[in-house]
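Hello,

Here is the structure I promised to pass on. Please have a look at it before reading my notes.

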Amino acid sequence: MIIRGRVQKVGDDVNTDEIIPAKYLNILEGEELGKHCLEGLEPDFIKKISSGNILVAGKNFGCGSSREQAPRAIKAAGISLVIAQSFARIFFRNAINIGLPILELEKTKEIFAGDELEVDLAEGKVRNFTRNKEYKAKEFPLFILEIISAGGLLNYVQRKKKNVSCTG
Amino acid sequence: MTISEKILASHSGRKEVKAGEFIQAKVDLALANDITAPLAIKEFSQVRDGHLWRDEKKVFNPKRIVFVLDHFTPNKDVLSAENCKFIRQFAKEQGINLYNGGNCGIEHALLPEEGLISPGTLVIGADSHTCTYGALGAFASGVGSTDLAAVMLTGEIWLRVPETIKIVYFGKLRSWVSGKDLILYTIGQLGVEGANYCALEFSGEVISSLGQNERFTICNMAVEAGAKNGIIEPDEITFRYLKKKTKQSYQIYKSDSFSHYKRVIEIDCSKIEPQVAFPYSPANVRPLSQVGKIYLDQVVIGSCTNGWLEDLRIVAKIFQGKKVHPDLRVLIIPATPKIYLSALKEGLVEIFLNAGAVVGPPTCGPCLGGHLGVLAKGEKCLSTTNRNFRGRMGDPESEVYLVSPAVAAASAILGRIAHPEKVR
């Protein structure tokens with residue numbers, strides 16, 4: 001899959017309270033959650049986002065609580081991909097599970113707000129048109145790729161269950 | 001193998017597992033709360049299980065699933081009430097263990113108290129502080145709602161076997177230094193990402209000397225360094241605690257002396273003072289002597305970190321015969337109904353009320369800025385909870401400082417962050 005988009009940039013250790021403050025956690029609908037995406041970090045962050053934007057972060061993105069509302073809010077806000085130097089583990093699982101594309105890239109410091117990127121998710125290749133640079137993202141383990149290609153965890157689990165019952 | 005590796009091996013039908021491997025593991029207990037369960041139930045309901053849809057579909061084993069409605073309860077608004085109603089209905093249909101209303105406490109204090117956590121088990125919770133149960137020698141880890149939905153469906157979870165970082169605590173603890181100070185100090189050393197994807201194994205003579213409640217406090221905050229789980233090898237103190245709670249037999253695992261560790265960190269506890277985590281990170285810690293004068297608007301004592309009966313006893317000891325400072329509000333929240341009742345019987349609640357504190361019902365409420373004790377712009381709160389991120393307890397420009405119950409109590413009397421020795 002090729003994703004092309006303009007960069008929105010955030011820093012290190014962006015936590016889930018910043019991504020979606022707890023007062024919105026009783027909201028279950030993605031669309032409504034999306035309206036408050038990153039509100040804890042910057043009250044009007046949502047106004048900066050246009051559909052298809054790529055969110056680029058520093059290290060430990062999504063640390064803190066297990067709230068899956070965080071990747072759901074990001075996805076619903078129209079972010080097409082999150083690239084971070086590293087992800088906190090629960091956020092990493094949640095993003096993969098709900099089908100929000102993510103990539104781990106060492107050199108996120110070389111990418112700036114407003115840059116135009118083209119990302120080949122399967123290859124892990126990131127091209128920065130604005131700065132005329134190319135980066136290679138960390139590869140996903142095969143197991144994770146299977147979940148991604150199944151379209152999220154529950155599809156994967158279902159598929160596996162079916163296979164098991166077919167083979168007895 | 002380490003204790004964490006042994007538990008994961010036993011739950012994935014293998015003789016041995018190695019750090020970095022992906023395994024499919026059988027879950028002994030799965031839990032969710034009123035914030036994470038609704039999404040999990042929705043996901044569970046949307047999945048087709050063969051030809052079955054929601055109404056006929058059953059969870060893998062209702063006795064191994066627990067819902068605790070502790071975050072936005074007693075319900076703070078209509079949406080929260082609707083969510084809890086939705087959970088109750090699903091729990092009833094499926095026969096899932098439900099804690100709400102009078103039997104509801106803060107999940108990570110409640111489940112051990114109810115005897116639901118045993119050493120050597122695999123516990124998966126849709127709450128990041130699920131790692132608390134490692135204090136009983138379980139492998140316990142937090143996940144999101146969709147992971148939990150998959151567990152409800154299959155009874156299994158995929159896990160990457162974590163590398164283990166071992167922390168060895170030695171030396172003599174100074175007075176007024178508790179498990180909370182040790183874990184704050186440790187997070188300060190590791191940083192908020194220092195144990196990402198890793199198991200944190202807490203060990204050493206100091207851990208052996210700590211009571212069960214302080215061990216819970218330590219494991220509770222393992223996630224604040226990014227850890228997948230925190231764990232302590234069970235010992236006599238664990239067995240004594242469990243004896244009163246459960247009749248279930250359990251398997252005891254211990255790390256081999258030749259286990260492979262990613263890192264071993266030795267900490268001389270005799271050098272550690274009471275610790276204070278400054279805004280906006282649990283890793284932003286300073287020794288109490290270097291804090292300076294910080295005046296407070298609110299003090300919160302409670303949560304899954306420090307709402308234990310032993311914590312309340314320390315607070316009562318400091319509060320005895322005194323009044324809280326007139327410039328601040330103090331909110332005390334016993335973590336479970338049983339702790340609340342014991343605090344009442346022991347006369348602790350009377351001391352709190354006479355001192356001018358508010359005693360609230362068991363709930364996560366203020367810790368995450370949900371309800372009860374939400375902060376206004378610019379207000380400063382000293383708290384025994386586990387997170388002090390920007391806006392965690394209310395307005396983005398409010399501040400939360402994390403401390404032990406003793407420091408919280410002393411500061412409540414003096415109106416500013418203070419050492420318990422300063423209270424006379």
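This is a predicted model: local features need pLDDT of at least 70, side-chain atom pairs count only at pLDDT 80 or more; totals for chains, interfaces and linings use all residues.

Residues are numbered from 1 along each chain as its sequence is written, with chains lettered from A and ligands numbered from 1 in the order in which they are written.

Start with chain B. Helix 11 (residues 309-319) of chain B packs against helix 14 (residues 405-414) of chain B at about 30°, and their axes are 9 Å apart. Helices here are DSSP runs of H or I, at least four residues long, numbered from the N terminus. The axes are lines fitted to C-alpha atoms over the stretch in contact, and angles run from 0 to 180 degrees between N-to-C directions. The two helices are therefore roughly parallel, a term for angles under 35 degrees.

Among the residues making this contact are Ile314(B) and Val315(B) of helix 11 of chain B and Ala409(B) of helix 14 of chain B. Contact means C-beta atoms, placed from the backbone, within 7 Å. Ala409(B) also touches Ile301(B), leaving aside residues up to four places away in sequence.

Now the two chains. In total, 35 residues of chain A are in contact with 43 residues of chain B. On the chain A side, helix 5 of chain A gives the most, with 6 residues.

Best wishes

Key: Angles under 35 degrees count as roughly parallel, over 145 as roughly antiparallel, 65 to 115 as roughly perpendicular and the rest as oblique. Two residues are in contact if their C-beta atoms, placed from the backbone, lie within 7 Å.
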